[in-house]
Amino acid sequence: MSFVKIWVHLVFSTKNREPWLNKNIRYDVHKHIIKNCKEKEIFLEAIDGYTDHLHCLISLGKDQTISKITQLIKGESSFWINQNHLTPGKFSWQDDYFAVSVSESQVEAVKGYIKNQEKHHAKKSFEDEVNEFMTKYGWEIIKDHPV
């Protein structure tokens, strides 16, 4: 029997960072993603976000990849949002995403960070957060393709 525990902090934004995820729909979207992840055997430990992005803490299974998990979450949730007419226009997620590994010792800290997104973004914009992540992890921002 295989045992795999690879924690990933996954962040993705709405297309063009449109603020579609207002309080009226954000938590319904979270609940739907949680349900979808259970059905697809995606171990989602934490989810939260703000008006223009989501954070997820996921533990990858032995046959799962970051790109496939991200595709399943983003594709199905955007389909569901559009099918239920939750936004005034056509909803979609940005193509790009941010994913970084999380050590077991940092899981609780990352869960806390994810669960406090509304308070966090009352003080810091998503763009500032992206720039902070890029600096922290040594990545350069590709201006044509923001997270």
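Contact here means heavy atoms within 4.5 Å. The model shown in these views is predicted.

**View 1. Packing of the buried residues of helix α2.** The residues of α2 that are buried are Ile69, Thr70, Ile73, Lys74, Ser77, Ser78, Trp80 and Ile81. Around the axis they cover an arc of only 160°, so they lie on the same side of α2.

**View 2. Helix α2 along its length, residues 66-83.** The helix has 18 residues, and the distance from its first C-alpha to its last is 25 Å. This is close to the 26 Å expected at 1.5 Å a residue. Just after α2, His85 adopts a positive phi of about 50°.

**View 3. Cys37 and Cys56, neither of which is in a disulfide.** A disulfide requires a pair of cysteine sulfur atoms within 2.5 Å, and by this rule the count is zero. For Cys37, the nearest cysteine sulfur is that of Cys56, 6.7 Å away. For Cys56, the nearest is in turn that of Cys37, again at 6.7 Å.

Notes. Residues numbered from 1 in each chain as written. Predicted model: local features only at pLDDT ≥ 70, side-chain atom pairs only at ≥ 80, totals over all residues. Heavy atoms only, no water. Helix = DSSP H or I, 4+ residues; strand = E, 2+ residues; numbered from the N terminus. Expected span 1.5 Å × (residues − 1). Buried < 20%, exposed > 50% of the residue type's maximum accessible area, 1.4 Å probe, protein only. Arc of directions from axis to C-beta.
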